[in-house]
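We will go from stop to stop.

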Amino acid sequence: MDNQMPDKDSLYVKSHVARDLLQNASLFKTDKLVIWEYVSNGLQYIDEGTSPVVKVILNSKKKQIVIMDNGRGMDWKGLQNFFIMHGENLDRKQGKPGRGRFGTGKSAAFGIADILRITTIRNGKRSKIVLHRNDIETINSEDPIPLTIIEAETTTNKANGTMIEIENIYLKSLDQAGVIHYIERHLAQWRHATVYVNNHECEFAEPPVVETKIIHPEDSVKEKIGDVELIIKITGAPIADDELRGVSIYSKGVWHETTLAGHQGREMAQYIFGAIDVPKLEEDKSPISPFDLSRSMQLNPNNETVRFVYAFIGNEIDKVRRQLVKQEKQRRASEESEKLARQAETIARVINEDFDDFRQRVIRARAKGRGGFDYGPEIKGGEDLDDLIFGSEEPAEIIELNGELGSNGGTRTGGTIPRELEPQVTEADTDAEKKGRKAGGIDKPVAARGGFSVDFKSMGAGESRANYDREVRTIYINLDHPQLEAAKGFNSTDDPYFQKITYEIAFSEYAIALAAELNSRDEYIDPSDPIIAIRETINRIARKAASMFSV
Ligand SMILES: Nc1ncnc2c1ncn2[C@@H]1O[C@H](COP(=O)(O)OP(=O)(O)OP(=O)(O)O)[C@@H](O)[C@H]1O
Ligand SMILES: [Mg+2]
């Protein structure tokens with residue numbers, strides 16, 4: 001039996017560098033993701049006092065990308081560190097945490113290309129290194145990957161900076177617009193950075209804001225996520241780019257995610273964006289890290305701090321959202337009621353035009369009635385009818401002592417005593433003597449003398465389509481009536497079908513109302529009179545309003 005114990009020192013975790021590099025690189029599947037890795041390095045690793053400027057050149061024809069920065073560059077030691085996969089971020093170690101975290105960004109080029117060339121200058125020394133995919137793929141052990149050194153610390157009088165060249169790109173084409181958009185989106189938090197893509201200077205434009213809210217968490221939440229400040233901004237128009245919707249979560253200035261925290265797609269959520277910086281995320285040392293190296297721009301929802309941040313944001317977004325929904329409903333309702341009021345006015349105008357005609361006929365009939373025989377309509381033309389034509393409650397000014405048509409000494413049909421005709425009146429100042437009355441009721445736009453008003457009202461589905469209130473001489477159309485509900489469908493009251501139905505309803509009700517008014521004044525002799533009168537009125541007004549029904 002072989003009793004020999006295995007060599008305890010021979011068992012440890014190692015890594016296959018080549019496979020590690022290629023697997024990490026495969027997380028960067030698009031040109032924009034790859035470019036952003038090198039651009040963000042160029043923006044972050046700068047000498048103190050430098051304003052970072054990064055230039056990106058996309059050459060679709062040559063299948064080449066070049067990224068040049070004016071950063072601090074790398075000396076030989078810096079390059080050695082650069083080529084360590086998952087190398088510790090030195091800046092972070094020195095207490096300057098920034099965007100760099102995982103030490104894998106350098107591998108990005110191999111997600112889309114075969115060649116990565118680095119030229120870097122630091123303190124008057126230039127080095128140039130090339131790494132080929134072939135060199136990586138041929139390694140089938142845990143051995144380190146050899147690099148092709150073209151220049152090693154050659155003296156130069158050029159300023160610090162780094163140039164990354166990515167060649168033999170196997171994407172079909174380079175998506176310049178997509179790259180620009182992605183960089184601009186990320187530049188939101190790099191306030192003093194300048195990035196050019198070919199000739200385009202990338203600029204981040206925040207959507208125009210109509211209101212800003214600043215919210216601090218309450219004690220129990222504060223304990224979990226710190227005394228942070230949540231800024232919620234509300235736009236006047238829906239935010240077109242849905243990636244901009246939601247709260248951007250930062251930690252110590254580094255952007256990690258933008259989220260609507262469960263409210264995406266909900267009403268008015270597209271008007272909300274904002275920001276929160278939670279340093280606790282950066283400081284989190286729990287076994288379930290808030291971050292991973294996928295560059296997914298999503299925090300880990302299994303991390304406790306992340307969960308509390310999401311809950312806090314989600315709660316506050318929902319409060320704002322509900323408020324906006326309420327405001328929007330009110331706005332729509334008042335817009336809707338304004339529209340309905342205009343529609344009611346249109347209908348009332350037609351009705352009152354007809355009523356005017358009708359009045360003239362009554363007046364003519366009375367005038368004719370002076371003779372022995374009356375061939376006019378069977379209307380008695382009693383004084384009771386005058387209040388339908390004149391009135392006595394509204395301030396009015398006498399503009400002519402005699403009435404209009406038919407005012408020259410008309411008598412009541414069949415009567416002998418000359419009738420006193422009312423003078424013509426017009427609307428006067430409110431403090432004028434009350435000599436007239438607006439027949440259309442309170443605050444309603446009505447014809448100058450006498451007439452009807454039309455109004456829309458929600459009266460309940462069980463109520464009739466319309467009714468007429470003699471007190472205020474108003475025809476009410478019931479918005480809740482099933483016929484109108486159905487006519488409205490999913491559309492608003494703008495729907496032409498809905499409008500036409502309301503005309504028809506108002507006209508029928510007017511015909512009945514007019515008959516009712518006349519009936520109450522004992523103007524009808526035969527029981528069939530009102531039936532004939534209603535039919536006549538409907539026919540007359542439908543004729544007048546025919547054009548309103550055209551399609
Ligand atoms: N353009 C540059 N100028 C100067 N130093 C750089 C530049 N790019 C990278 N470095 C140095 O090389 C290191 C490795 O870069 P790399 O992008 O691989 O990792 P990282 O930035 O630390 O982390 P991450 O993978 O999260 O980006 C950086 O930490 C930095 O010290
Ligand atoms: Mg990096």
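Which polar backbone atom is 3.0 Å from an oxygen atom of ligand 1? Select Lys-106: the polar backbone atom belongs to this residue. Keep in mind that this model is predicted.

**Stop 1: around ligand 1.** Select ligand 1 and show its surroundings. It has 21 residues around it. The closest are Asn-41, Tyr-45, Asn-89, Arg-101 and Thr-104. Now pick Tyr-45. An N or O atom of its side chain lies 2.5 Å from a ligand 1 oxygen. Go on to Arg-101. Here a backbone N or O atom is 2.7 Å from an oxygen atom of ligand 1. On its own, ligand 1 has 590 Å² of accessible area, and the protein covers 96% of that.

**Stop 2: the sheet.** Switch to a cartoon view. Find the open sheet of five strands, in the order S9-S10-S13-S11-S12, with mixed pairing. Select 209–215 for S9 and 254–259 for S12. These are edge strands with a single partner strand each, so one side of each has no neighbour in the sheet. On average, neighbouring strands are turned by 20° against each other, direction ignored.

Next, select 230–235 and 272–277. These are S10 and S13, an antiparallel pair with five bridges. Lys-233 has Phe-273 in S13 as its bridge partner.

**Stop 3: a loop.** Select Asn-300, in the loop between H8 and H9. A polar atom of its side chain is 3.0 Å from the backbone oxygen of Ser-289.

Definitions and conventions:
Residues numbered from 1 in each chain as written. Chains lettered and ligands numbered in written order. Predicted model: local features only at pLDDT ≥ 70, side-chain atom pairs only at ≥ 80, totals over all residues. Heavy atoms only, no water. Pairing = 2+ DSSP bridges. Helix = DSSP H or I, 4+ residues; strand = E, 2+ residues; numbered from the N terminus. Axes fitted to C-alpha atoms, helices over the stretch in contact; angles between N-to-C directions. Polar contact = N/O pair within 3.5 Å; in protein donor to acceptor, adjacent residues only side chain to side chain. Near = heavy atom within 4 Å. Areas by Shrake-Rupley, 256 points an atom, 1.4 Å probe, with all protein chains shown as cover.
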